[in-house]
Amino acid sequence: MALTGIEIFKLLPKTNCKECGVPTCLAFAMNLAAGKAELSACPYVSEEAKEKLQEASAPPIRVVTIGVGDKALKVGGETVLFRHEKRFENPPGVAILIKDTMDDAEVDARLKRFKELQYERVGLVLSPDLIALKDESGDASKYEALAGKVAKGSDAGIILMSENPDILAAGLKACADKKPLLYAATKDNLDKVAALAKENSCPVSVKGSNLDEAAEMTEKLIEAGLQDIVIDSGARTVKQAFQDQIIIRGAALVKKYKPLGFPTITIPAEMTDNPMKEAVIASMFIAKYAGIVVLSDFQGESLFPLLVERMNVYTDPQRPLATTEGIYEIGTPGEDSPVLITTNFSLTYFLVSGEIESSRIPSWLLVMDTEGLSVMTAWAAGKFVADAIAPFVKKSGIEDKVKHRKLIIPGYAAAESGGLEEELPGWEVLVGPREGSQITAFLKTWSP
Ligand code: SF4
């Protein structure tokens with residue numbers, strides 16, 4: 001359970017030695033409570049206090065890792081009900097379903113889609129995360145062969161889906177080293193699946209016939225010494241599954257109810273046969289509050305919006321996406337090429353650079369650090385004004401790269417043009433367009 005700043009303060013040495021970087025132990029305690037400091041910054045905390053504080057600072061929803069290496073996926077670890085309270089921590093894994101009754105061509109096509117459906121947006125690569133292997137044949141050797149093929153053909157995290165422990169064991173023979181999620185322990189197979197999870201150090205999901213049963217099962221798994229647990233409440237109607245997600249999150253965070261303090265798995269693939277409806281259901285679970293979303297298949301037109309939604313929901317609302325300050329070359333600019341300046345809000349940067357690129361006029365783009373604010377906001381906040389822009393232009397090094405002295409500023413900062421010419425003697429300031437879509441037409445009029 002999270003401690004308040006005062007409760008944390010009582011456990012600190014109270015010497016105010018300042019070695020943690022703040023003037024008092026109380027200030028450090030307040031920062032710790034707000035998640036703005038690490039306990040390790042204080043070298044004098046006693047072992048006993050450390051234990052108490054570490055236990056208290058563990059997130060109310062456990063972080064569970066599926067897979068290994070670079071592609072290992074962390075789910076859970078959430079600490080708030082609403083994104084605006086702080087931020088959501090670990091984006092839900094999006095999984096494609098492959099059944100052991102599918103022929104090789106279909107399995108290959110799904111693996112291909114899994115690998116190819118990746119998208120670059122505002123400098124990030126958006127891609128799915130998991131492959132869910134469902135047993136439908138009841139044939140252990142067939143299932144083992146499928147798990148082997150997928151484990152060899154992809155480094156993605158795997159979900160082994162069967163309620164038959166023998167089939168799960170067969171799947172594990174082929175991919176235990178990948179630490180797959182075992183789905184699912186039910187009330188009929190709990191002991192055997194728990195033993196498999198323990199032997200292979202794999203995460204395990206419970207599947208209840210309702211939420212109460214799921215909670216009873218997580219308690220049994222905890223008693224059996226397992227911690228890396230995922231919850232499926234078993235609901236397959238949209239209304240019930242949605243309610244369960246909210247109850248699980250609320251019970252873990254508000255009531256501190258340990259049996260529900262785990263990430264969840266949702267399976268829109270089992271809630272409808274209509275692909276578009278399935279995408280809509282998945283979008284609901286991405287917003288509230290799934291740890292994993294299993295889709296029956298991937299299609300670009302539904303996967304892309306889901307991945308963008310996930311990126312947006314899991315972006316820290318208090319920290320805008322920002323691009324590094326500096327000079328960006330677009331095309332192969334030379335000493336007569338235009339020089340434009342903009343702010344380092346990622347979306348602004350990608351819009352402006354994209355428009356310059358499509359104009360096919362090689363240019364220099366100066367990106368100024370405005371703490372991730374867009375042009376209008378940064379200008380209104382006094383961060384993109386003449387006496388801030390001028391020193392940046394001087395120190396940027398652009399004067400060594402071009403012969404001319406013409407600077408194109410965004411139309412929204414037009415009011416700064418006069419002040420900027422005063423601050424940058426020898427430079428002519430040109431006011432560019434307000435909208436990115438007019439950049440091409442503007443650049444066509446360029447002459448150094
Ligand atoms: S380093 Fe520890 S003892 Fe020193 S001021 Fe910070 S919290 Fe207090």
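**Buried strands, a crossover and salt bridges**

Apart from neighbours within four places in sequence, Thr-266 is in contact (heavy atoms within 4.5 Å) with Gln-245, Phe-285, Ala-290, Ile-292, Val-293 and Val-294. The model is predicted, and local features need pLDDT of at least 70, side-chain atom pairs count only at pLDDT 80 or more, while totals for chains, interfaces and linings use all residues. Residues are numbered from 1 along each chain as its sequence is written, and side-chain values use heavy atoms, with hydrogens and water left out.

Thr-266 belongs to strand 11 (residues 265-266), where strands (E, at least two residues) and helices (H or I, at least four residues) are DSSP runs numbered from the N terminus. With a relative accessibility of 4%, Thr-266 counts as buried; buried means under 20% relative accessible area, exposed over 50%, and partly exposed in between, for a 1.4 Å probe and protein chains only. Asp-232, placed in strand 10 (residues 229-232), is also buried, at 2% relative accessible area. When residues up to four places away in sequence are not counted, Asp-232 touches Tyr-183, Ser-205, Val-206, Lys-207, Gly-208, Ala-214, Ile-265 and Ile-267.

Strand 16 (residues 406-409) and strand 17 (residues 428-431) run parallel and are joined by four bridges, pairing being assigned if DSSP finds at least two bridges between two strands. From strand 16 the chain passes through helix 15 (residues 417-423) to strand 17 in a right-handed β-α-β crossover, that is, with the strands pointing away from the viewer, the path from the first strand over the helix to the second runs clockwise.

The whole structure holds 24 salt bridges, each being a side-chain nitrogen of Lys or Arg within 4 Å of a carboxyl oxygen of Asp or Glu. One of them joins the side chains of Arg-87 and Asp-316, at 3.7 Å from N to O, and this pair links distant parts of the chain, 229 residues apart. Arg-87 is partly exposed, with a relative accessible area of 27%, whereas Asp-316, at 16%, counts as buried.

Another salt bridge lies between Glu-106 and Arg-110, whose closest N and O atoms are 2.7 Å apart. Both residues lie in helix 4 (residues 104-116), separated by four residues, about one turn of the helix. Glu-106 counts as partly exposed at 28% relative accessibility, while Arg-110 counts as buried at 8%. A network of salt bridges links Glu-106 and Arg-110 with Arg-113 and Asp-297.
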